[in-house]
Amino acid sequence: MNSNRMKQSWKRIASVTVIAAAALLVLSVFPALRTDVRAQTTTDATKPAAETSEGAEHDRKVTVEVTRATSRTVTRGRTVAGRVAPARTVDIAFQVSGQVLRLEVDPGDKISEGDLIAELDPVDFELAVDRARAAFDLAKSELERAKSLAERGVAAEARFETASAEYAQAEVALREAERRLSQTQIIAPFDAIVARTFIEEYVNVTSAAPVARLQDVSEMRIMISLPEELAAVARSAPEAFDLVASFPAVPGYTAPLMLRSFATDADRTAQTYDVEFAIRGDVDSRLLPGMTARVRLSNAAAEASAQSAMVPVSAIDTSSRTEPSVWIYDEESGQVTRRTVRLGLPVDNEIVVLEGLQGDELVVSGGWWRLRDNQTVTVAGL
């Protein structure tokens with residue numbers, strides 16, 4: 001009887017074990033199934049909403065500004081920055097030391113060749129001239145006496161030779177004293193503008209210490225730096241260019257230029273060459289050394305001027321593309337398309353389009369960053 005009870009107990013335990021294992025297997029599979037069902041339900045519910053939003057975005061119109069491209073004759077060239085310079089600049093100084101007695105110029109003065117600029121106290125130099133002249137007169141008398149005695153045979157020939165040497169030395173000393181006296185004045189060597197002065201009256205100056213800076217404005221120059229691609233042509237054929245300078249500080253005044261000098265050693269950093277031009281014709285009195293200049297270099301050949309399409313600089317799309325492009329607006333369809341173009345040089349707020357436009361198209365000049373090909377838009381600016 002005990003044996004039967006034990007068998008029944010083992011059967012109950014085996015049954016419970018089988019049921020528990022089956023329950024665990026079902027629980028491990030069910031969550032995955034439930035998750036798949038929920039994900040599928042969510043996807044199915046979201047997909048129509050996304051498709052609806054995309055369709056709405058596609059149908060919504062963007063407002064852009066459009067401008068009609070123009071075709072006109074443009075002289076192709078380049079504008080470079082320059083600086084106005086005098087024909088020469090000289091720091092002038094005394095050749096002797098002394099006290100400044102007079103300073104006759106101020107910065108900004110225009111002076112003529114031969115005008116007095118400054119003078120030292122001449123008293124000591126005048127005394128030196130008087131001493132040298134007295135010594136010269138004495139040596140001259142001794143020479144004449146020695147010559148007379150030598151001719152009569154009263155004195156030896158050696159005395160005459162000594163007197164001749166002393167006379168020559170006295171003559172040199174007199175000339176030197178007179179020259180030093182003349183150097184107590186600084187005289188303008190050419191017509192000039194006094195750029196600045198470095199001394200005051202009554203100060204003691206040493207020789208070679210700068211007194212004033214003079215600028216020779218008999219011819220005004222323009223200094224520019226040319227890139228190597230233009231420098232080669234400017235060096236070999238300067239007549240191939242028309243050069244005109246304008247000046248921000250002197251509105252309304254433009255000046256034609258001609259080549260004066262060309263430096264053949266290039267700037268190591270910028271790889272440019274310094275070129276100096278002279279202003280032809282009358283120079284505006286308002287123009288001063290040191291002012292900035294804009295030099296326009298254009299091809300002098302007649303064929304260099306041609307009809308070119310012009311568009312606003314704001315119409316050029318350069319976003320995320322290797323080549324610039326513009327957006328063309330079609331009036332019939334109301335749609336825009338992108339077109340690749342080749343650009344020339346900018347002219348004020350416009351830019352030359354060398355290839356890609358005929359010159360009568362409507363181009364998007366504002367808002368192109370929101371566009372895609374064949375998009376329908378509304379326009380402003382017409």
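Predicted model: local features only at pLDDT ≥ 70, side-chain atom pairs only at ≥ 80, totals over all residues.
Residues are numbered from 1 along each chain as its sequence is written, and side-chain values use heavy atoms, leaving out hydrogens and water.

**Rings**
- Searching the whole structure turns up four aromatic pairs (ring centres of Phe, Tyr or the six-membered ring of Trp within 6.5 Å; planes under 30 degrees apart are stacked, over 60 edge-to-face, the rest tilted).
- One of them is F136 with Y167: the centres are 5.2 Å apart and the planes at 40°, so this pair is tilted.
- F136 sits in helix α2 (residues 123-152) and Y167 in helix α3 (residues 157-182), so the pair ties together parts 31 residues apart in sequence (helices are DSSP runs of H or I, at least four residues, and strands runs of E, at least two, numbered from the N terminus).
- F136 is buried, at 13% relative accessible area.
- F247 and Y253 make a stacked pair, 5.5 Å centre to centre with 15° between the planes.

**Charge over a ring**
- R88 has its charged end over the ring of F190, 4.1 Å from the ring's centre (the cut-offs are NZ of Lys or CZ of Arg within 6 Å of the ring centre and within 35 degrees of the ring normal).

Key: Buried < 20%, exposed > 50% of the residue type's maximum accessible area, 1.4 Å probe, protein only.
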